[in-house]
Amino acid sequence: MKHCPWFVSLYGGHSREYCDHASDMLSDMIEKAIERGMVVYGISEHAPRYEEHYVYPEERVMGWTLAKIQNDFEKYAEDSRRYVEDFGKRIMLLRAFEIEVAPRAYYIERMTSLRQTHAFDYMVGSVHYVNDRLFDHRDMFGDVVREMGGIEKMVLTYYEQLVEMVLALKPEVVAHLDVYRKYAGNVPELESAAVKGAAQEALEAVRQVNAILDVNTGAYRKGLTTPYPAPWIIKAARERGIAFCFGDDSHCCADVGSGIDRARDYLLENGVSSIRVWKREKGKLGTDEVPLR
């Protein structure tokens, strides 16, 4: 796999310096990407949050505050800029950040301002909350499902808010489109006609803004047999002409590049023959189509 043109991740690089649930230093993770022969490594720390109810339970236990979260992000923006210079001769390192909530007007303004102020290469769009409740958490998922009136209703709301996020902020990469599979289990509601219709609307939003769909190998580490998104979503996205990329969703050195070889086979099995990769050449960003064979 070393130096294969498709051995690329555009989403990951969460590190313990800036993220409570990561375990290694960012510089060590970049070194691991180089050691494993990654061609392009996009780091995309979580965006700062500005309201108390967005603070994670673990962060509260650790005594984290909104001010700390915001200051840590500013440090990430500064450190990542330096790492691009420090590691630039050994790997193409890209700087991004991950949006996590369905935006209100003030949030759109702040995310746009962060991108411009810190000259990030791109944004990763994701949704971890429905109706301002964190569902991407083992201890909270069941409560959110019950409050929403069942898994199908929760997923439908999730897709509605994902569409809102994509159209409002136009992220270049959309991450783990069906991340709700992490804790939902293999229930038929996840492929109901209503859910499939809502997912199609989300894919149409992705297509409209010309975003790349993340094929996220973090699902393998959660015990799932396929990455995010599921095969039927891959097929629907391919039929719309949506491009794909790999994301290792790394939170430690062991995660860096993990599962990308399996995800390549997965895409090929589902009729996808190339991925799209962001690259920086002569100081300018652009994309390349990279064959998987």
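Modeller: Leaving aside neighbours within four places in sequence, Gly-13 is in contact with Leu-26, Met-29, Tyr-41, Ile-43, Glu-45, Asp-248 and Ser-250. This is a predicted model, where local features need pLDDT of at least 70, side-chain atom pairs count only at pLDDT 80 or more, and totals for chains, interfaces and linings use all residues. Residues are numbered from 1 along each chain as its sequence is written, and side-chain values use heavy atoms, with hydrogens and water left out.

Colleague: Why does Gly-13 count as buried?

Modeller: Buried means under 20% relative accessible area, exposed is over 50%, and partly exposed falls in between (1.4 Å probe, protein chains only). Gly-13 has 0%, so it counts as buried.

Colleague: What makes β8 and β9 a pair of strands?

Modeller: Two strands pair if DSSP finds at least two bridges between them. Strand β8 (residues 212-216) and β9 have 4 bridges, in the parallel sense, so they pass the test. Leu-213, for one, has Phe-244 as its bridge partner in β9.

Colleague: How do you know that β2 pairs with β3?

Modeller: Same test: 7 bridges join β2 (residues 40-46) to β3 (residues 92-99), running parallel. Ile-43 has Arg-95 as its bridge partner in β3. Zoom out and you get an open sheet of 7 strands, in the order β1-β2-β3-β4-β7-β8-β9, with parallel pairing.

Colleague: Why are β1 and β9 called edge strands?

Modeller: Each has a single partner strand, so one side of each is left without a neighbour in the sheet. The faces of β9 (residues 244-247) are another matter: Phe-244 and Phe-246 on one side, and Cys-245 and Gly-247 on the other, are all buried.

Colleague: What makes Thr-226 and Arg-181 a polar contact?

Modeller: The term needs a pair of N or O atoms within 3.5 Å; within protein, one must be able to donate a hydrogen and the other to accept it, and residues adjacent in sequence count only if both atoms are side-chain atoms. The side chains of Thr-226 and Arg-181 are joined at 3.4 Å, so the pair qualifies. Thr-226 is in the loop between α9 (218-221) and α10 (231-239), and its relative accessible area is 15%, so it is buried.

Colleague: What about the phi of His-176?

Modeller: His-176 has a positive phi of about 30 degrees although it is not a glycine. Its place is the loop between β7 (173-174) and α7 (181-184). With a relative accessible area of 2%, His-176 is buried.

Colleague: Where is Asp-249, and why does it count as buried?

Modeller: Asp-249 lies in the loop between β9 and α11 (260-269). Its relative accessibility is 12%, so Asp-249 counts as buried. Its phi is positive as well, about 50 degrees.

Technical notes. Helix = DSSP H or I, 4+ residues; strand = E, 2+ residues; numbered from the N terminus. Contact = heavy atoms within 4.5 Å.
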